[in-house]
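This briefing goes through one protein chain, topic by topic. Please keep the sequence and the 3D view open while reading.

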Amino acid sequence: MLAPVNGIYGLLSPVAGFVDTQTIGRLFGQIGVIVFIMSIGAFISISFATHSLEVAVAALANRLRSKGWLLIAAVMVLFSLLGTTMGFSVETLGFYALFIPLMAALGYDRLVTAAMIIVGSMVGVMAATVNPFSIGVAAGEAGVGIGDGIVLRSILWVILTAIAVGWVLRYAARVRADPSLSMVGFDETAVGATSDVAAAEQAAGGAAGKGGGTANANAADRTLTGTQKWVLAITAFAFGLMIFSVIPWASLLGGTTGPADYYVTHEVAGVEPFWFELDWWFPQLAMLFLIASVVVGMVARMDEREIVRLIAAGAADMMGPAMVILLAGGISVIMTNTQTLGTILNAMEQLITGASAAAFAVAAMLVNIPLAFLIPSSSGHAALVMPLLSPLADFAGVGRPLTITAWILGHGLTMLVSPTNVVVMGGLAIAGVGYDTYLRFMWPLLVALFVVAAGALALAAILA
């Protein structure tokens with residue numbers, strides 16, 4: 001079943017003699033993410049060709065035309081919740097093709113879409129509560145339980161998520177009221193969408209047409225056909241299964257502490273999975289959407305040449321973001337192979353040694369900010385720094401759970417804007433938003449998040 005994916009980046013098993021994505025020594029890096037977003041592009045291309053999403057998006061835009069803010073808030077809170085519990089972030093790359101036409105139809109620019117997805121998921125990663133791929137690894141290295149410190153982390157999740165949602169909603173409201181205030185501008189078809197529903201429908205149709213369909217300004221006046229309803233059902237099932245399949249249910253529900261890896265094996269060591277867990281990752285997710293693409297083509301009664309053409313066109317549309325993701329991963333490789341990490345670790349130890357409890361807690365967050373640029377993987381970052389931070393925290397009189405919280409806040413704050421984070425760079429590339437523009441949008445939010453996080457850490461250290 002995974003043969004097409006295995007053929008792209010699988011390795012020959014020295015034991016079984018078969019090509020397998022799961023064999024020891026398999027390729028590292030960003031190829032899994034690249035194949036995943038290309039398969040998403042293929043699926044969206046063939047789905048848009050049926051006009052099912054075009055009609056549904058226009059109808060939804062018409063229904064939500066005065067409640068777009070509610071959609072933004074709901075999506076951000078959902079992604080933040082998934083981020084805080086299981087590190088849901090890279091998976092969001094698959095949602096841009098769904099949200100870009102919808103948000104355009106509601107009168108919002110591409111920056112609103114990108115911020116809604118990136119900030120929503122990454123603020124959850126920053127305020128992680130029981131994420132086994134960050135908190136679980138750090139707790140295991142520090143020798144404490146994954147639930148230790150969860151009260152403070154839960155409070156921070158609520159506060160930080162509220163701040164992030166408020167910031168995005170503030171910009172979204174301004175842009176919808178006055179499109180000239182947009183930091184990225186509007187596509188030609190989207191201009192005027194805020195004041196005229198028909199224009200909004202045309203914007204949705206135009207955006208959808210990029211995936212292989214033809215724009216239809218009267219999309220909202222059409223009703224879904226039986227075939228289009230089936231395509232929407234397949235779409236909902238594919239994305240729902242994607243979310244369900246990557247959640248480590250046994251680790252989350254059991255509160256288990258142990259070594260975990262997010263990007264490579266996507267599993268928590270020593271945890272017996274529940275019977276219903278799928279434990280899928282990029283190979284399975286890529287194959288899910290490739291199979292879904294073929295199924296949609298068959299349901300829409302397309303011939304094999306049209307199915308292949310649309311799959312190829314959709315995958316090709318994602319080559320630009322794929323190259324951005326590849327280069328972002330290359331930055332981490334250079335920094336690691338040049339032994340820059342060792343220099344920073346030594347400077348970090350010198351900085352926080354001998355600090356007071358409150359100063360140590362804040363410093364523990366600060367020193368992890370530059371490290372996060374070099375180590376975008378929270379699992380790798382935790383495994384590297386927690387053996388050093390834990391004994392230093394003991395000498396400073398700071399609890400290890402609070403040190404873990406300080407570490408994840410520093411890591412997550414950086415990941416909101418890091419050029420080595422594929423969630424940021426890939427998402428901006430897909431949405432067509434410049435990195436410099438994104439930084440100008442984000443810096444006030446970063447300051448606010450830092451002030452709140454630092455204040456909470458210092459207060460917790462003093463009261464402990």
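How many helices and strands are there in the protein chain? The chain has 20 helices and 4 strands. The model is predicted. Of its 464 residues, 55% are buried. Among contacts with a separation of 6 or more, 78% join residues 24 or more positions apart.

**Helix 4 against helix 6**

- Helix 4 covers residues 68-86 and helix 6 covers residues 110-126; the two pack at an angle of about 30°, and their axes are 6 Å apart.
- Angles under 35 degrees count as roughly parallel, and helix 4 and helix 6 are therefore roughly parallel to each other.
- The crossing of helix 4 with helix 6 is right-handed.
- On the helix 4 side, the contact is made by Ile-72, Val-75, Met-76, Phe-79, Ser-80, Gly-83 and Thr-84.
- On the helix 6 side, the contact residues include Val-112, Ala-115, Met-116, Ile-117 and Val-119, and also Gly-120, Ser-121, Val-123, Gly-124 and Val-125.
- By type, the residues of this contact are 11 nonpolar and 6 polar, with no charged residue.

**Helix 6 against helix 19**

- Helix 6 also packs with helix 19 (residues 422-431), at an angle of about 160° and with the axes 9 Å apart.
- Angles over 145 degrees count as roughly antiparallel, and helix 6 and helix 19 are therefore roughly antiparallel to each other.
- Helix 6 and helix 19 form a right-handed crossing.
- From helix 6, Arg-110, Ala-114, Ile-118, Ser-121 and Met-122 take part, and from helix 19 they meet Val-423, Val-424, Gly-427, Leu-428 and Ala-431.
- The residues of the contact of helix 6 with helix 19 comprise 7 nonpolar, 2 polar and 1 charged.
- Ser-121 of helix 6 is listed in the contact with helix 4 and in the contact with helix 19.

- Helix 2 (residues 31-48) has 18 residues and spans 26 Å from first to last C-alpha, close to the 26 Å expected at 1.5 Å a residue.
- Helix 2 is largely enclosed by the rest of the structure, because 16 of its 18 residues are buried.
- His-51 lies in the loop between helix 2 and helix 3 (52-63).
- The phi of His-51 is positive, near 65°, in a residue other than glycine.
- Most residues other than glycine have a negative phi.

- Helix 12 (residues 282-299) has 18 residues and reaches 25 Å from its first C-alpha to its last, close to the 26 Å expected at 1.5 Å a residue.
- Buried residues in helix 12 include Phe-282, Pro-283, Gln-284, Leu-285, Ala-286, Met-287, Leu-288 and Phe-289.
- Further along helix 12, Ala-292, Ser-293, Val-296 and Gly-297 are also buried.
- Arg-301, which follows helix 12, has a positive phi near 60°.
- Arg-301 sits in the loop between helix 12 and helix 13 (304-317).
- Is Arg-301 buried or exposed? Arg-301 counts as exposed, because its relative accessibility is 71% and the cut-off for exposed is over 50%.

**Buried residues and their contacts**

- Trp-407 is in helix 18 (residues 400-415).
- The relative accessible area of Trp-407 is 0%, so this residue is buried.
- His-381 is 26 residues from Trp-407 along the chain, and their C-alpha atoms are separated by 9.2 Å.
- Thr-129 belongs to the loop between helix 6 and helix 7 (132-142).
- Thr-129 has a relative accessible area of 8% and is buried.
- Thr-235 is in helix 10 (residues 226-246).
- Thr-235 counts as buried, at 6% relative accessibility.

Definitions and conventions
Residues numbered from 1 in each chain as written. Predicted model: local features only at pLDDT ≥ 70, side-chain atom pairs only at ≥ 80, totals over all residues. Heavy atoms only, no water. Axes fitted to C-alpha atoms, helices over the stretch in contact; angles between N-to-C directions. Parallel < 35°, antiparallel > 145°, perpendicular 65-115°, else oblique. Left-handed = near helix turned anticlockwise from the far one by under 90°. Contact = heavy atoms within 4.5 Å. Nonpolar A, V, L, I, M, F, W, Y, C, P; charged D, E, K, R; others polar. Expected span 1.5 Å × (residues − 1). Buried < 20%, exposed > 50% of the residue type's maximum accessible area, 1.4 Å probe, protein only.
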